[in-house]
Amino acid sequence: MTTAASASARPSGSSAENASREAASGVANSKWGERGLRFGIGARGFVFLVIAYLVARIATGALGGGSTKDSASGPGAAQAIQHQTGGNVALLLLGVGMLLFALFCLVDAVRNNDLDDSDAERWAKRGLSVWQAGLYAAFGIYCFVKVISGTSSGSSGNSSRRQSQWSAEILRWPAGWLWLGALGVALFVVAGVQVYRAAKRSFREDLEQARMRERTRTTATALGVVGYLGRAGAYALVGWFVLHAAIENDPDKGKGVDGSARMLANSSGGPVLLWALAAGLFAFGLYLFVEARYRKV
């Protein structure tokens with residue numbers, strides 16, 4: 001009886017999965033659905049360009065130039081956009097783009113048909129896509145809320161305080177230093193994955209290379225390699241300071257990209273490293289524009 005029940009459950013589960021795939025394919029294969037998904041990828045690229053600009057401003061401030069009060073993060077990028085002429089309109093478009101990218105992540109999770117991967121690898125990729133969908137959907141809603149409320153929160157000071165607060169909260173847990181240290185190690189692992197993707201050029205598997213000219217493929221590869229190394233640098237930077245916070249039991253050292261960048265700016269050689277990080281993140285933003293045109297959807 002148990003065997004019969006499980007046998008009858010399998011087809012229904014398979015039908016549900018097939019229905020989800022058909023719905024996702026319907027979105028991706030429709031003219032406006034595909035355009036919307038590609039717009040979402042491009043909007044993500046724009047966010048990375050703004051964050052790269054903010055990191056560069058932090059590096060410039062460390063060298064005696066004009067710095068920025070905006071946080072080098074997603075919310076900080078939203079605030080920097082809102083400050084510009086027509087910023088609310090741009091922020092609304094960015095919010096739409098973030099929601100569309102979240103939809104792309106869900107479509108990608110459902111349509112994950114890479115037969116070369118094991119079941120565990122496919123489910124890991126699906127889990128990552130769902131996580132990204134939630135993250136970017138929340139960011140899209142945040143953009144709408146900022147426009148509606150007209151608030152201008154997100155300065156580097158507020159950002160640093162929030163980051164220190166979550167570090168302090170983790171350190172108050174039983175064996176909190178261990179959990180915070182594990183987070184730091186995890187960030188280094190993620191950085192290693194980005195380096196691996198850059199070294200293997202595996203990101204090219206996501207592109208419709210047959211539609212690309214040789215020069216476009218070469219440019220996309222160069223931007224992708226530099227961009228993924230830039231992302232690796234960002235993860236490693238945050239991971240380094242999080243590990244220091246865990247080892248020294250000091251929550252003020254456990255910060256996100258913005259807080260870590262500002263701490264690095266005050267160290268010897270820090271501004272140069274920040275300029276390299278900004279260049280890498282800028283390259284990744286440009287690479288995402290290439291993805292917006294040639295990504296398999």
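Author: Axes are lines fitted to C-alpha atoms, for helices over the stretch in contact, and angles run from 0 to 180 degrees between N-to-C directions. This is a predicted model, in which local features need pLDDT of at least 70 and side-chain atom pairs count only at pLDDT 80 or more, while totals for chains, interfaces and linings use all residues. Residues are numbered from 1 along each chain as its sequence is written, and side-chain values use heavy atoms, with hydrogens and water left out.

Reader: What makes α7 and α8 roughly antiparallel?

Author: Helix α7 (residues 176-200) packs against α8 at an angle of about 165 degrees, the axes being 8 Å apart. Angles under 35 degrees count as roughly parallel, over 145 as roughly antiparallel, 65 to 115 as roughly perpendicular and the rest as oblique. The pair α7 and α8 is therefore roughly antiparallel. By class, their contact has 22 nonpolar, 4 polar and 2 charged residues; here Ala, Val, Leu, Ile, Met, Phe, Trp, Tyr, Cys and Pro count as nonpolar, Asp, Glu, Lys and Arg as charged, and the others, Gly among them, as polar.

Reader: Why is Q194 called buried?

Author: Buried means under 20% relative accessible area, exposed over 50%, and partly exposed in between (1.4 Å probe, protein chains only). Q194 has 8% relative accessibility and therefore counts as buried. Q194 is placed in helix α7. Leaving aside neighbours within four places in sequence, Q194 is in contact (heavy atoms within 4.5 Å) with Y228, R231, A232 and Y235.

Reader: How many residues does the largest nonpolar core have, and what makes a set of residues such a core?

Author: A nonpolar core is a set of buried Ala, Val, Leu, Ile, Met, Phe, Trp, Tyr and Cys residues joined through side-chain atoms within 4.5 Å. The largest one has 58 residues, and V55, L94, L274, L281 and Y287 have the most contacts inside it. Helix α2 (31-62) gives the most to this core, with 13 residues. V55 touches A72, L274, L277, A278 and L281, not counting residues up to four places away in sequence. Apart from this core lies another, of 8 residues, among them V238, V242, A245 and A246.

Reader: How do you know how many helices and strands the chain has?

Author: Helices (H or I, at least four residues) and strands (E, at least two) are DSSP runs, numbered from the N terminus. On that basis the chain comes to 10 helices and 0 strands. Of its 297 residues, 43% are buried.
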